[in-house]
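Welcome! Have the sequence and the 3D view open side by side, and let's take a short tour together.

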Amino acid sequence: LINSSGVTVSADNQVYINGVAQDADRGDITTTLGGTVWTIDSDVITSSTYTPTLSGGVNLDASTAYICQYMRVRNVVTVSGRVDLDPTLTATTTSINMTVPITSTWSAAQNCAGTAFSNAVSGQGAAIYAVVATAVVRMQFVSVDTTNQAMYFTFTYRII
């Protein structure tokens, strides 16, 4: 995308003003071009990585978090990534809480929704939902296996 005032957005979403790359991590970008003041709000569209903090494990001998990626478009955040989970018992409700990259004040579990699956254990899938009291998300499933396995996930929530 390019306009006549010198603002360019490349295919990888890097913003350039008159050929100079802009650092969205420093906050809003404001410049004057052709007598017009342009402001690009860095909170409207952004993306980055973070490593969630895991807590409150139920029926787990171990858990490991990895660097995850997220993107924010206005007040909606989508996260994807991997955690390794090692359930203690099979056929038992198993859960772990994860922090989110941008906090939200949820009022109901459905303010966040997502899924996770193991690529090595047939049928081991999980629901992901908001934990209202602590502003984290919970991954919950009935364990099928008792070995440490990767769970790949994605969830989306609204910043409230």
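Two residues are in contact, or touch, when they have heavy atoms within 4.5 Å of each other. Keep in mind that this is a predicted model.

**A loop residue and its contacts**
- Ala109 sits in the loop between E11 and E12.
- Leaving aside residues up to four places away in sequence, Ala109 touches Tyr129, Ala130 and Val132.
- The C-alpha atoms of Ala109 and Ile128 are 9.2 Å apart, with the two residues 19 residues apart along the chain.

**The largest nonpolar core**
- This core has 27 residues, and those that touch the most other members are Val79, Met139, Phe153, Phe155 and Tyr157.
- Among the elements giving two or more residues to this core are strand E10 (76-87), strand E14 (136-142) and strand E15 (149-158).
- Not counting residues up to four places away in sequence, the contacts of Val79 include Tyr50, Cys68, Pro101, Phe153 and Tyr157.

**Two positive phi angles**
- Most residues other than glycine have a negative phi.
- Asn59 is not a glycine, yet it has a positive phi of about 60 degrees.
- You will find Asn59 in the loop between strand E7 (54-58) and strand E8 (60-65).
- Arg74, also not a glycine, has a positive phi of about 55 degrees, and its place is in the loop between E9 and E10.
- Are these two buried or exposed? Asn59 is buried, at 13% relative accessible area, whereas Arg74 is exposed, at 58%.

Note on methods. Residues numbered from 1 in each chain as written. Predicted model: local features only at pLDDT ≥ 70, side-chain atom pairs only at ≥ 80, totals over all residues. Heavy atoms only, no water. Core = buried A, V, L, I, M, F, W, Y, C linked by side-chain atoms within 4.5 Å. Buried < 20%, exposed > 50% of the residue type's maximum accessible area, 1.4 Å probe, protein only. Helix = DSSP H or I, 4+ residues; strand = E, 2+ residues; numbered from the N terminus.
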